[in-house]
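Reader: Could you walk me through how to read the pockets and salt bridges here?
Author: Gladly; let's look together.

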Amino acid sequence: MTRMTLSQHFAELRRRILWTIGIFVIALVFGWYLSPWMQEILTIPLFNVWPDGELLYSGLTDGLMIRFSLSVLFALFITTPFALWQIWAFVAPGLHCSERRAIWPILIFSPLLFLSGAVFAFYVLFPFVFGFFIELNQSAPVPSVVLPAATDYLAFSIGMLKVFGIAFQLPLVLVLLNRIGILSRARAIKMRRYVIVMIVIIAAVLTPPDVVSQIVLALPMWALFEVSLLFMHDNEK
């Protein structure tokens, strides 16, 4: 294998960065045209439990900011796998075979787990949470009009998708710690009770202040922890 000079490494890195930026810009343009469809998709869980509901555009620039933020979100969603591949292609030649075997599954399963968490939040959490909030607001003891701001709703829903996507990375983190010898399966089993308490605390911090959403996040994280134990080795000496 031909060794590259430092200047050649920088040239290759620059080329890969420029390619990534180019893909981001192209995806941003497509995202601008797809953003109305994305907004319609994101509001489906809300209007399924609130058929006659409406969202409030309280500022003159709300429509612009919503469309731009959704365009950026779409561009990040499209660009991230490409950027991860570019990073992998840049660093892989300098890694040993064992290191490559340890890393490439992360590049594959991390986006899949993130997507799984977001899908779980969209189809399982959102109906519970939105139904709870709408019912709570409509049953207020004083005359009230339920009219959520569109920007607040989208920020909340997108934030929850990110939270669940990150939370679903738990098995990957545990298995990686196991593979590099930091955490054995036996030790993870002994820590189960503390992990459950930590999961409950994390769910309470990351979700809205209602018991339903906290339980809906805590239960799958606990299940993911138990599944992770099946793929861990008892490498403790």
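Reader: Which helix gives the most to the lining of the second largest pocket?
Author: Rolling a probe the size of a water molecule over the atoms shows where empty space is left. A pocket is an open set of points on a 1 Å grid over the protein atoms alone where a 1.4 Å probe fits, with protein on both sides within 12 Å along at least five of seven lines; lining residues have an atom within 4 Å of a point. Here helix 4 contributes most to the second largest pocket, with six residues; helices are DSSP runs (H or I, at least four residues), numbered from the N terminus. This is a predicted model: local features need pLDDT of at least 70, side-chain atom pairs count only at pLDDT 80 or more, and totals for chains, interfaces and linings use all residues. Residues are numbered from 1 along each chain as its sequence is written, and side-chain values use heavy atoms, leaving out hydrogens and water.

Reader: Which residues lie nearest the centre of that second largest pocket?
Author: Among its 15 lining residues, those are Pro-105, Phe-109, Pro-171, Leu-172 and Val-175.

Reader: And how many salt bridges are there?
Author: A salt bridge is a side-chain nitrogen of Lys or Arg within 4 Å of a carboxyl oxygen of Asp or Glu. The count is two. One joins Arg-16 and Glu-12 at 2.9 Å, N to O; the two are four residues apart in helix 1, about one helical turn. The other joins Glu-226 and Arg-192, also at 2.9 Å. Glu-226 lies in helix 9 and Arg-192 in helix 8, so this pair ties together parts 34 residues apart in sequence.
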